[in-house]
Amino acid sequence: MKLIAFGMRKDEVGFGNQWSDDNQVDVEITQDLLTNETIQQADGFDGIIALQTIPYNETLFSKMKEMNIKILSVRNVGVDNIDLVAAKKYGVTVTNVPAYSPNAIAEFSVTQLMQLLRRTPEFNLKIKNQDYRWAPNISRELRSLTVGVIGTGRIGRVAMDIYKGFGAKVIAYDVYPNAELKKSGIYVDTLDELFEQADVVTLHTPATKENEHMLNRDSFEKMKHGVLIVNTARGTLINTEDLIDALKSGQVGGAALDTYEFENPIFNHDLTDSSIEDPLFNELLDMVNVILTPHIAFYTETAVKNMVEIALNSAYQFLTTGVVETEVK
Ligand code: NAD
Ligand code: COI
């Protein structure tokens, strides 16, 4: 068996090599991202490991069929950029890593909310200008706030526990409520109810077609004035133009965005010597009550180790048994 792992960063290589030694399986490691062009490097291999950062489309899957490669194992959670219909058409099984470390993302989303709440970016700016006064940037405490969690899956549930630890009132909405959580009476029946009650709205749902622009002009209007928004899930869940308008009017008091609707050409690229030709992004960058991070909520040592190992295990399991529990259906 020979596997090829695309887009491997330096911090992943050691885990890939260790897995290869432990399992006595050849793993070719390349820094190149998986694209319709670089896929040629996979010729002669039995399985592909990759990270979901750019779209994987019909052309890619047809090339996999030509090369008789039947498994694409992505080492992350989201599969929204993958044409799963095309994968099926060309006989490719796609696997993901559903839970490499929900804590990594949940902890980060709470961290960013805390920064918004304590107005850290505003103080950073003041300090840069040698203004060391306290007022008027007073804060609120989490125990006096209601946090509305949308999506109570793996990450949302960890985030809820952390918020409860701070003494916040936590309410939640999910299209498929969790049976255990339901008993605790934490769910509201509709998104509108959550919008009405929450001081903080935090997103933890996948980016399905139905969820596109789940937060938009209408929903911002239903929220409390000055509501804080946290999005570590997917950029397409928010209509960015509507968010910018709501930030400008003060209806939204601040936003912590680790994912951005049009992030692909920006996030995880070195743009030191380039200018960004994205007016919406530039507008967000200029807002002192917006915290932008380049999709790094996942980025911890624990998560990275699990991502590499579990993705390799999935490809191995598929190639040795023909079935794999991490298959994306
Ligand atoms: P999960 O599948 O465990 O949970 C998602 C939950 O959302 C499910 O309970 C589902 O029923 C619910 N849901 C779906 N549509 C909904 C809707 N319209 N309204 C309310 N609830 C809805 O997923 P997860 O592992 O918790 O991941 C959550 C999100 O975080 C995903 O978008 C994922 O891609 C993203 N993510 C981001 C990072 C990062 O680094 N920023 C890392 C990993 C995952
Ligand atoms: C995910 O695992 O879905 C993420 O968002 C992390 C990213 C490296 C693709």
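Colleague: Which helices and which strand each supply at least two residues of the lining of the second largest pocket?

Modeller: They are helix 4 (102-117), helix 5 (120-128) and strand 10 (252-257); helices are DSSP runs of H or I with at least four residues, strands runs of E with at least two, numbered from the N terminus. This is a predicted model, where local features need pLDDT of at least 70, side-chain atom pairs need 80 or more, and totals for chains, interfaces and linings use all residues. Residues are numbered from 1 along each chain as written, chains are lettered from A and ligands numbered from 1 in written order, and side-chain values use heavy atoms, without hydrogens or water.

Colleague: What is the volume of the second largest pocket?

Modeller: About 210 Å³, as the space filled by probe spheres set on the grid points, which are joined across faces, edges and corners. Of the 14 lining residues, Leu-116, Arg-119, Arg-140, Leu-228 and Gly-253 are the closest to the centre.

Colleague: How much of ligand 2 does the protein bury?

Modeller: Alone, ligand 2 exposes 280 Å², and the protein buries 91% of that (Shrake-Rupley method, 1.4 Å probe).

Methods:
1 Å grid on protein atoms, 1.4 Å probe; cavity = no way out; pocket = protein on both sides within 12 Å on 5 of 7 lines; lining within 4 Å.
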